[in-house]
Amino acid sequence: MKKIFCPLFISLFLIAGYLSAWGAGRDQVITVTTALSEAEWKVMKEDIWPMFQRRYGIKVDAYTVEAADLGKVLKGMVKAGRVEIDVFCQDNMRLAELVDLGVVEDLSRYRGQIPENVLPALVEAGVFSNKLYFMPYRPNVQIVYYNPLKFEKYKLNPPKNWDELLEVAKRFHAQEGMGRILFKASGGAPTTAQLYEWIASAGGDPFSFNDKGCVATFEFLQELWSYCHPDSKKAKWDTTNEFIAKEVAYIGQNWPFGVPIIVKDWNKKWLKTYGGWEGPEKEVHIIGGEVVGIPKGSPNKRLALKYISFLHSKEVQEILMAKLAWPSIRDDASGKVEGWLVPHFESVTEALKHGIFRKNVSYWSEFDGLLNDAFTRIVIKGEKVKPVLDEYSRKMQETIGKYKKD
Amino acid sequence: MSFRKLKKSWLEILLITPLLIYILGFTLAPVIYAVYMSFQDKFTLHFPTLVNYKYIFTHFQFKEAFFNTCFVAGVGITLELTIGLLVALILYRNFKGRGIFRAIMLLPLGVPTVVAATNMRYIFDTSGYLNSFLLKLGVVEHAVDWAGGGIKTLMTIVVADMWKVTPLVMLILLAGLETIPEQLYEAARIDGAGAWKRFKHITLPLLKPAITMALVIRGIDIFRIFDLPLILVGRHTRVLSTYAYFEYYDYANPYTSSAGATILMVMILLTIIAYLKMTGTKEVQY
C-alpha cells in the first residue's frame, strides 16, 4: 500500500506546487465591455491596457457589447447570479434603462476617487436619484468638418447659422448641380443625435415633437433637404468621415473621432473644423460619449474601481486625446496633443461651451424610433410638417403613459 | 415503439440525438419563442395579444418593407430563372472553353454576400462606376441616386442579387438539362420539330422538377434577403428582414421585431405550399 501512496503523494505535491507557482506568477484579470471602432480598439490594446497591466498587474479582458444590448446582457447575468463583467462602458443616452433595471452598482461611496480636475458637469451626468451610478470616461461633442478648398473655390465662408447654412447649400447645389451638404439621415442613433441638437437650437423640446422649435426645425430641414447630398441617406458617424474624405460632401457634423481618420488614414491634410452653427434661438451641441459603471454583483469590484481610476488619470486621458482625438474629461489634460490636432481641439472646446446633455429617459428607444419615423415622413418623403408632428406627439405621450403605468 | 425495438436501435438513436438536440435547441426553440414573443405585450408581458401586429400593420415602414420584399422576390426570381435558364442552355451546348466558361459563371457563388454587396456599392454609389460611366457617355447630366428609393432602388437590389445567385439557378437547371436523354431530341428532330418546339415540348416539361427545385430554393432564400439591401441601399429602403432587424437593433423592440419575422416566416411557408400545390409532384414521363 505504502508503495502506491508514496509516489502518488509526491506527484500530487509537485502538481500542487507547480500550479500555485503558476498562479502566483499570473496577473489578475478584469472583464471590460465596450463598443469601439477599429482604430479605438488598436489604441486600447496597444497602449492603455498593457500600461494598466504593467502598472497594477491586472490584465484587461475586453469584448464588445453594443449599447442597445448591455441592459439585456446585464439583466441576464444579475438574474442568474453570475456576473461576468467587471466594468462596462456605456453610451450616456442609455443610462436610465440600466438604473431602472437595477443592474448597476451604486458608486456614491467612491465619488471621492474622481479627480478634482474632472469636469463637474460630466460627473453629474452619472447621478440618478441622488446616487452616483456611473463615472465619467469619455465626453463627446459634434463639431463641423468642412473642405476649405471647395469653400475657397466658390468664395464661401463656413456657415455660422441656419440661414448661412441654407445659403451655402444652395450655392454648392447651383455650382455643381448636386447638393454637397451632409445631414446624417441614415436613421437610428446618428439621425436622432443630430435632430436632437437642431431642435434644441431652435428652442424646442424634442420629446414634445410639435412645439414651436420642433416645427421650425422640421420645416427648415424640409427646405434644406433638396440641397443636401443624396448620400446623406447613408450618412452615419463612420460614413460621414468617408464622404468628407472622398470629397463627396464638403461640410457635415460629426464627433471628433473622425479627425485623425480623415487627416491620417485618408491623408486629407486640408481638413478644417469649427464648433458649429447657431439655430434660430441659440447655439446648442449635445454632449455625447460614454461613462463607466460596475454591474451589481461584480466579482472584482476593487479591481474595477482601480481600472476606473486609471482611466481618469491625466496620463491616460492625454493618450486618448493624442491618439484618438477624444475630448478629455479633465481640464488639465492637453500637453501631449500634436500640433496639427490643436485647431481641432479648439473646435471641440468651442462646441463644448454650448454643450447640453440629452434627457436620460427610460423610453429613449421608443423616442428614437418615433423621431426617425417623423423625420423619414417629413424630410425624406416630404409630408406636411404639422399634421405628422401632431401624430407623433400623440404617440410619444401614449408611450410615456405606458412607462408611467409600468 | 416497443422497448425491444428501442433497445435494438440504440446506436441509431444515440447517433441521431445530438443532431436532434441541435435542431430542437438552436432552430425550433428560437423560432417558437420568436412567435410567442410576437404575441406578447412589451409593457405588460401579457400573452396572447395582437398589439405588435396592430403596430406593424399600421407602420408605414412595414407596409413598404412588405411591398419591397414581394417586388424583389417576384421580379428577382423571374429574372434569375430566365437568365439562369438562358445561360444553362448555352453551357449545355458543346463548345470550346465550356469548362472555363462554366467555372467563371460559378465564381459569384463563392463570394460572400457582404463582399458582393460592398462591391456593388462601388458600382451603384452616387460617385460609383455606373454613374461615372453614364456621365461620361452623356446619358445623364447629374449622378443618379440609385439608393434614393422607389423602383430604381429595388431594381438595384434585384440586379445585385441576380449577380450573386443566378449561377446557383443555372447550376440546378444545367443539372436538370443533363438528365434529359439525347434520344428524345433526336427523335423530335427526325419528326421535323424545330428548336422552339423541341424546347417547348421536351426541354421545358422535363426540366420542370429542376425548375421547381430552383424556385423553391430561391423562393425561400430571396424572401429572407438581408445583408445585400442593408449594405447596398441603407435603411430607407427596407425589406421584411431588415425591418425586423431595425426594430430590434435600433429601437430595442424584440416584440415588434418578432412580429415582423413571424410574418416573413409565414410568407416563406405559404410560398412553398402554394408552389408545391400548383405544380404538383408528378413528373413528366416520355
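Trainee: How many residues of chain A are in contact with how many residues of chain B?
Mentor: The model is predicted, and contact here is a matter of heavy atoms within 4.5 Å. The area buried between the two chains is about 2,400 Å², with carbon and sulfur atoms giving 51% of that area. The contact involves 35 residues of chain A and 23 residues of chain B.

Trainee: Which three residues supply more of the area that chain A buries against chain B than any other three?
Mentor: The total buried between chain A and chain B is about 2,400 Å². Of the area that chain A buries, 21% comes from three residues, namely A:Lys233, A:Lys234 and A:Asp373.

Trainee: How many salt bridges does the rule find across the interface of chain A and chain B?
Mentor: The criterion is a side-chain nitrogen of Lys or Arg within 4 Å of a carboxyl oxygen of Asp or Glu. Across the interface of chain A and chain B, the number of salt bridges found is four.

Trainee: Which element gives the most residues to the side of chain A that touches chain B?
Mentor: Ten residue pairs are in polar contact across this interface, both members at pLDDT 80 or more. The elements giving two or more residues to the chain A side are helices H3 (67-80), H15 (364-380) and H16 (385-405) of chain A. With nine residues, the element that gives the most is H15(A).

Trainee: Is A:His344 buried or exposed?
Mentor: A:His344 lies in helix H14 (residues 342-352) of chain A. Beyond its neighbours within four places in sequence, A:His344 is in contact with A:Ile143, A:Val259, A:Leu271, A:Lys272 and A:Thr273. Its relative accessible area is 6%, and therefore A:His344 counts as buried.

Trainee: Which residues does a cis peptide bond join in chain B?
Mentor: Most peptide bonds are trans. In the loop between helix H2 (10-38) and H3 of chain B lies B:Pro48. With omega about 0°, the cis bond joins B:Phe47 and B:Pro48.

Trainee: What is the relative accessible area of B:Leu45?
Mentor: Most residues other than glycine have a negative phi. B:Leu45, although not a glycine, has a positive phi of about 60°. This residue lies in the loop between H2 and H3 of chain B. B:Leu45 is partly exposed, because its relative accessible area is 45%.

Definitions and conventions: Residues numbered from 1 in each chain as written. Chains lettered and ligands numbered in written order. Predicted model: local features only at pLDDT ≥ 70, side-chain atom pairs only at ≥ 80, totals over all residues. Heavy atoms only, no water. Buried area = accessible area lost by both parts, 1.4 Å probe. Polar contact = N/O pair within 3.5 Å; in protein donor to acceptor, adjacent residues only side chain to side chain. Helix = DSSP H or I, 4+ residues; strand = E, 2+ residues; numbered from the N terminus. Buried < 20%, exposed > 50% of the residue type's maximum accessible area, 1.4 Å probe, protein only.
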